[in-house]
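Please look through the sequence and the model shown here.

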Amino acid sequence: MMQGVHLVGEDEDDVYGGFNDYNPAFDTENLEEDEEFQQALKTSHGQRPGLKTGMKISTSAGRGKVPGSSMGRPTTGIADTGMARPMTAVRAVGYTSSERTSMTGGAQFDPFNQARLPAPPLEGKAEESPEEKIKQMEKKVNELVEESCFANDRGEYPLALEKAKEAGRKERALCRQREQSSLGEQVNLDMTYSVLFNLANQYHANKLYAEALNTYQVIVKNKMFSNAGRLRVNMGNIYCEQKKYPQAVKQYRMAMDQVPNTHKDMRIKIMQNIGVAFVKMGQFSDAVTSFEHIMGEKASFQTGFNLLLCYYALGDKEKMKKTFQKLLTISLGFDDEDKYTLTGDDPQQALILEVIRNDKLRQIERQKKSQADKCIMSAAKLISPAIENSFAAGFDWCIECVKASPYLDLANELEITKAVTYLKEKDLAKAIETLKGFEKKDSKVQSTAATNLSFLYFLENEVSQADKYAELAITADRYNPAALVNKGNCLFANGQYEKAREYYQEAYNVEASCTEALFNLGLAEKKLNRLDIALDCFYKLQAILKNHPQVLYQIASIHEMLEDKAQAIEWYMQLVSVVPTDPSVLSKLGELYDSEQDKSQAFQYHFESYRYFPSNIDIISWLGAYYIDSQFCEKAIHYFEKAAIIQPNEVKWQLMIASCYRRSGNYQQALETYKTIHKRFPDNVECLKFLVRICTDLGLKDVQDYAQKLKKAEKAREMKQQRANSGSRKGSGRAGSANMPGSGGSRNSSAGSESGRVDSGGSDRRRSANRSAGRTKPLIADNDESFGFGISKEVDATYADPLGEAPARPKTAGRQRPQQVEDEFGDEEIGDDLLPD
């Protein structure tokens with residue numbers, strides 16, 4: 001076991017030896033017995049304060065010459081012991097072992113000799129040389145150009161233009177400075193070019209086209225600026241904005257002459273601008289030449305679509321088809337979805353995919369893909385009606401081409417577009433048939449088609465079919481907010497508001513920006529009388545859709561239901577500011593002010609509503625009643641005449657007109673109006689009663705004829721009412737004595753109105769009830785006090801006006817009529833169905 005162990009011999013060196021050896025000079029154990037150390041202490045430390053030497057010890061600022069030691073250092077007065085004194089670091093920073101005197105600053109510590117004399121004054125800065133001045137001016141010009149560019153980037157175009165102008169002034173001052181300093185050969189052409197170019201750009205941004213063109217002209221005509229001719233493209237753009245297309249084409253062509261063939265992309269862009277200018281001028285053949293050249297050099301979707309538009313304008317069907325097919329062959333230049341799909345269980349690959357799935361490059365790819373899809377879809381919609389005899393055949397050709405191309409996923413969208421086109425043509429059967437073809441396709445397309453079908457059936461009021469396809473759309477794609485909204489609409493139409501609310505809430509949870517779901521959710525909560533929740537929904541919509549009329553109306557309506565009339569009026573006022581010509585909103589405002597007893601504001605908004613919709617019977621009735629209540633019967637006639645035109649078979653409007661004539665004192669016109677009414681409605685009892693009374697008052701001989709007609713009309717009405725009553729009670733075996741012919745009860749009831757009118761006292765009670773309800777309506781009595789005729793009795797034409805006494809009739813210069821206690825006629829009373837709501 002010990003065979004491999006080597007023991008160190010006595011004569012061999014110890015590998016661990018020597019570590020405990022050290023220089024005896026560093027031994028601190030026997031310092032007291034060290035004579036040299038003790039002598040050093042006595043000379044340099046212990047005897048320092050009272051030391052007297054035969055010569056002056058030098059200081060750091062000493063002036064005398066000090067003899068040096070054998071090591072070159074100044075010596076003290078102590079005798080040399082044979083060993084050199086160790087060097088210290090105190091002398092370098094101004095310390096000294098000698099006593100300070102007044103010559104050396106006394107006892108004050110002054111290592112930098114600051115107490116000697118005051119510091120000399122600073123030297124004045126030498127005057128800048130011309131070169132330095134020019135450099136400072138160049139720096140200022142560059143700063144102004146940068147500030148101008150930054151302001152333009154922020155959209156502050158006036159500030160950018162001001163900075164650019166200031167940079168131009170500074171640059172001109174710089175040129176003059178160089179000339180004065182005879183430094184003209186040091187002209188900075190790059191700075192002059194940048195200043196002029198920035199100034200032209202800012203003029204263009206501020207729509208100062210003339211100044212921008214002048215500045216560009218200065219640049220392009222200066223031969224010292226290399227490649228300045230390319231700026232003619234900017235000049236051509238300015239001419240395009242001014243709609244001066246011939247000048248724009250000229251500038252584009254001059255710019256293209258300045259661009260070498262090696263700059264292929266720039267030449268293609270200029271050619272694109274030339275083609276667009278030709279399209280603006282209507283020169284489609286020249287535009288086709290430009291676009292075809294671009295498609296041959298470097299095809300793009302935008303150029304292909306422009307070429308298709310030109311062929312469409314020229315009506316060339318074959319070229320349209322070829323261009324569409326070529327459009328489908330253009331490559332996007334990147335893989336679509338393969339590189340973003342996880343192929344294994346590698347966590348590192350999953351992490352990388354998670355990072356690149358929505359990075360900037362991926363966003364650019366999506367944008368390009370979206371633009372390509374938009375161009376293809378727009379092209380198909382454009383040429384489908386033109387390339388075949390019908391748009392359906394054209395769509396079918398486009399769909400077949402798309403199916404054979406890399407853009408296969410657009411075929412289904414084209415099918416749906418075809419169905420929408422059928423819908424625009426009002427061919428609902430074809431639209432439904434086309435959409436039904438998607439029932440067996442993949443879930444996403446199936447959900448979209450079923451959603452459209454559900455919407456179509458809902459518009460046709462076929463709620464069951466709409467509900468069926470809405471359910472199918474939800475089954476195919478549960479997270480389709482449109483399908484959920486359609487399902488909720490079907491339930492809402494069937495009165496199942498709670499279930500409809502659940503679907504609306506789910507659609508809103510799926511997509512927070514679905515305004516249809518939020519609006520319908522508010523309606524459902526309103527139907528369920530949860531007004532506070534409904535109000536919250538519409539307030540959210542108001543934040544999303546600023547000042548949308550429907551949202552404003554719902555908010556105002558809910559405040560009205562909550563009896564917060566002040567808030568309701570405020571929101572209706574806001575709605576009127578958005579839709580000032582809506583008669584229903586104006587009418588609502590009039591009703592609210594009427595309920596607040598503000599008649600002047602109520603009249604203003606009712607009148608505005610009448611201006612925009614003069615056929616509203618309720619508004620006409622309210623205005624007529626307002627003028628009668630205000631004792632302006634002549635103005636009320638105009639509105640009742642309008643009502644009579646709208647409802648010519650309604651006798652009450654004619655009676656209102658005649659009553660207004662009576663109240664205004666025009667009895668002759670009232671009599672003529674009553675006669676006209678009687679000719680048209682000979683069986684009207686109210687008209688005959690007024691004819692009897694007015695003829696009696698005027699002393700006309702026709703009073704007996706009208707009295708006989710009135711008696712016959714009343715009897716005919718009694719018989720009609722009796723037959724109606726007996727027919728309604730037939731089979732009951734009972735009949736009240738009050739309903740017997742000739743009884744007093746029957747007589748009194750026949751004197752009243754068959755349409756439920758009440759007498760004067762009832763009219764007064766109704767008016768007071770209406771006022772107590774908070775909505776006061778001017779009322780007119782339809783009929784006068786009930787009365788009857790006997791064979792031997794004269795006609796009693798006295799009555800009491802429920803609206804109070806009318807103004808006294810003015811006296812004339814003829815004979816004076818004897819005053820009668822009651823010489824006025826009562827007015828007709830407006831029924832509740834005629835008064836504004």
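**Rings, cores and a helix residue**

Tyr-627 counts as buried, because its relative accessibility is 10%; buried means under 20% relative accessible area, exposed over 50% and partly exposed in between, with a 1.4 Å probe and protein chains only. This is a predicted model, in which local features need pLDDT of at least 70 and side-chain atom pairs count only at pLDDT 80 or more, while totals for chains, interfaces and linings use all residues. Residues are numbered from 1 along each chain as its sequence is written, and side-chain values use heavy atoms, with hydrogens and water left out.

The structure holds 23 aromatic pairs. Rings of Phe, Tyr and Trp (its six-membered ring) pair if their centres lie within 6.5 Å; planes under 30 degrees apart count as stacked, over 60 as edge-to-face and the rest as tilted. Tyr-627 and Tyr-639 form a stacked pair, because their ring centres are 5.6 Å apart and their planes are at 15 degrees. This pair links distant parts of the chain, 12 residues apart: Tyr-627 is in helix α27 (residues 617-629) and Tyr-639 in helix α28 (residues 633-646). Helices are DSSP runs of H or I with at least four residues, numbered from the N terminus. Tyr-639 also counts as buried, at 5% relative accessibility. Ring pairs join Tyr-627 and Tyr-639 with Phe-603, Phe-607, Tyr-610, Trp-622 and Tyr-626 in a cluster.

Charges also sit over rings, a term that requires NZ of Lys or CZ of Arg within 6 Å of the ring centre and within 35 degrees of the ring normal. Arg-611 lies over the face of Tyr-612, 5.3 Å from the ring centre. The charged end of Lys-635 is over the ring of Phe-632, at 5.3 Å from its centre.

A nonpolar core is a set of buried Ala, Val, Leu, Ile, Met, Phe, Trp, Tyr and Cys residues joined through side-chain atoms within 4.5 Å. The largest has 84 residues, of which Phe-538, Tyr-572, Phe-640 and Tyr-674 touch the most other members. This core lies between domain 3 (426-546) and domain 4 (645-722), because both give residues to it; the domain bounds come from an automatic or database domain assignment. A second, separate core of 82 residues includes Tyr-216, Ile-274, Ile-383 and Leu-453.

Lys-165 lies in helix α3 (residues 157-180). Lys-165 is partly exposed, because its relative accessible area is 31%. Neighbours within four places in sequence aside, Lys-165 is in contact (heavy atoms within 4.5 Å) with Leu-199 and Tyr-203. Lys-165 and Leu-199 are 34 residues apart in sequence, with their C-alpha atoms 6.6 Å apart in space.

Conventions. Helix = DSSP H or I, 4+ residues; strand = E, 2+ residues; numbered from the N terminus.
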